[in-house]
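Hi everyone, thanks for coming. Let me put the structure on the screen, and then I'll walk you through what the coordinates say.

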Amino acid sequence: MSATEETIKDIIVKIVHCDREILTPTATFQDMKADSLDMVQVLVALEDEFGIEIPDEDAQKFQNFGDFVAYMQARIAEKGSA
Amino acid sequence: MLKDKVALVTGSSRGIGRAIALKLAEEGADVIINFFRRRQAAEQTAKDIESLGVTAKVVKANVGDPEKIDEMFDIIGSSFGRLDIFINNAASGLPRSALDLDTKGWEWTMDINAKAFLLCTQRAVKLMEGRGGKIVTISSLGSHLVLPGYVAIGISKAALEALTRYLAIELAPKGICVNAVAASLVTTEAGMLYARVAKEQLGEAFPWQTTPAGRLVAPEDVANVVAFLCSEEAFMIRGQIIIVDGGTSLVPFGFMSTGG
């Protein structure tokens with residue numbers, strides 16, 4: 001498990017108040033019982049944490065936690081190589 | 001009419017904010033497009049504005065965060081050095097009843113819809129100092145009418161309208177005009193999303209299929225009034241809430257098809 005994934009979990013657990021254990025790759029945002037405000041706040045917190053931008057146009061494509069982590073890892077790698 | 005003016009429109013990637021940005025650009029103003037979540041839409045708005053022969057600048061900022069407001073105004077200051085028009089349009093909120101509204105939802109809505117108006121105005125005035133300016137904020141009928149699931153937004157709009165009056169008087173000696181435009185349901189993505197929620201709660205009783213004027217309010221209807229308030233013709237209008245609703249708020253018991 002990567003440091004990025006751990007940080008994403010920290011932020012989701014803090015904002016959504018869900019159990020860390022449910023954050024498996026196939027977990028959906030419904031599984032986390034996250035409402036739309038929770039989701040926006042998670043995205044904003046991640047943007048600030050990693051210094052990247054996650055526009056809604058991208059965020060709307062995430063089906064589950066696994067997609068989300070893969071996207072974040074790609075974006076962070078992109079930023080690192082820029 | 002607004003040639004050589006610099007305008008900031010918060011939340012202008014889409015909806016009412018986009019229509020206002022385009023209208024001010026048509027009148028000749030250079031426009032700063034602020035967005036929070038929709039970069040592609042903001043860039044499209046900027047492109048459409050530039051095609052009108054004026055300058056557009058895209059600035060990302062969550063206006064619910066005071067630090068991000070400061071960063072946005074620092075960029076405006078260094079890019080343009082001044083501001084003539086500030087349109088406080090960005091808004092957010094969750095459809096909740098009062099008993100379901102938690103502190104997180106309250107703070108989120110109040111920060112973006114009401115507090116941001118104060119903090120942005122404090123920074124905008126510094127860029128208008130000595131030259132005057134126009135400030136218009138976007139409100140809604142929910143500031144004084146009870147709409148389904150609208151409690152948090154309604155409260156924030158009421159605060160914003162009160163602030164409009166106080167600012168109008170405090171900023172009058174600086175030659176800055178402050179007013180608000182309050183619309184009923186507007187045919188935007190956010191407006192239609194809200195309409196769906198309200199319809200679920202009200203069913204057939206949902207009143208806003210149209211207005212006495214024969215159609216729903218379009219973003220351009222709001223933009224036209226905002227542009228007028230930004231003109232010199234509106235100089236003596238201060239601290240007013242101009243309602244743009246096709247007459248909706250005058251008919252609390254529904255539409256009278258006979259006209260009386």
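Let's begin with helix α1 of chain B, residues 15-26: 12 residues, with 17 Å from the first C-alpha to the last, close to the 16 Å expected at 1.5 Å a residue. That expected span is 1.5 Å times one less than the number of residues in the helix. Helices here are DSSP runs of H or I with at least four residues, strands are runs of E with at least two, and both are numbered from the N terminus.

Before going on, a word on the source: this is a predicted model, where local features need pLDDT of at least 70 and side-chain atom pairs count only at pLDDT 80 or more, while totals for chains, interfaces and linings use all residues. Residues are numbered from 1 along each chain as its sequence is written, and chains are lettered from A and ligands numbered from 1 in the order in which they are written.

Back to α1(B). Is it enclosed or open? 11 of its 12 residues are buried, so α1(B) is largely enclosed by the rest of the structure. Buried means 20 or more other C-beta atoms within 10 Å of the residue's own, exposed means 12 or fewer, and partly exposed is in between, with C-beta atoms placed from the backbone. The buried ones include B:Ile16, B:Ala19 and B:Leu24. Just after the helix, B:Gly28 has a positive phi of about 110°.

Now, the core. The largest nonpolar core has 73 residues, and B:Leu24 and B:Val222 are among those with the most contacts inside it. By core I mean a set of buried Ala, Val, Leu, Ile, Met, Phe, Trp, Tyr and Cys residues joined through C-beta atoms within 7 Å. Leaving out residues up to four places away in sequence, B:Val222 touches B:Ile16 and B:Ala19, among others; a contact is a pair of C-beta atoms, placed from the backbone, within 7 Å. There is also a second, separate core of 14 residues, including A:Phe65 and A:Phe68.

Zooming out, chain B has seven helices and seven strands, and 50% of its 260 residues are buried. Of the contacts in chain B between residues at least 6 apart in sequence, 74% join residues at least 24 apart.

Finally, the partner: 10 residues of chain B are in contact with seven of chain A. On chain B's side, α2 (39-50) and α4 (103-128) each supply at least two residues, and α4(B) gives the largest share, three. Happy to take questions!

Note on methods:
Two residues are in contact if their C-beta atoms, placed from the backbone, lie within 7 Å.
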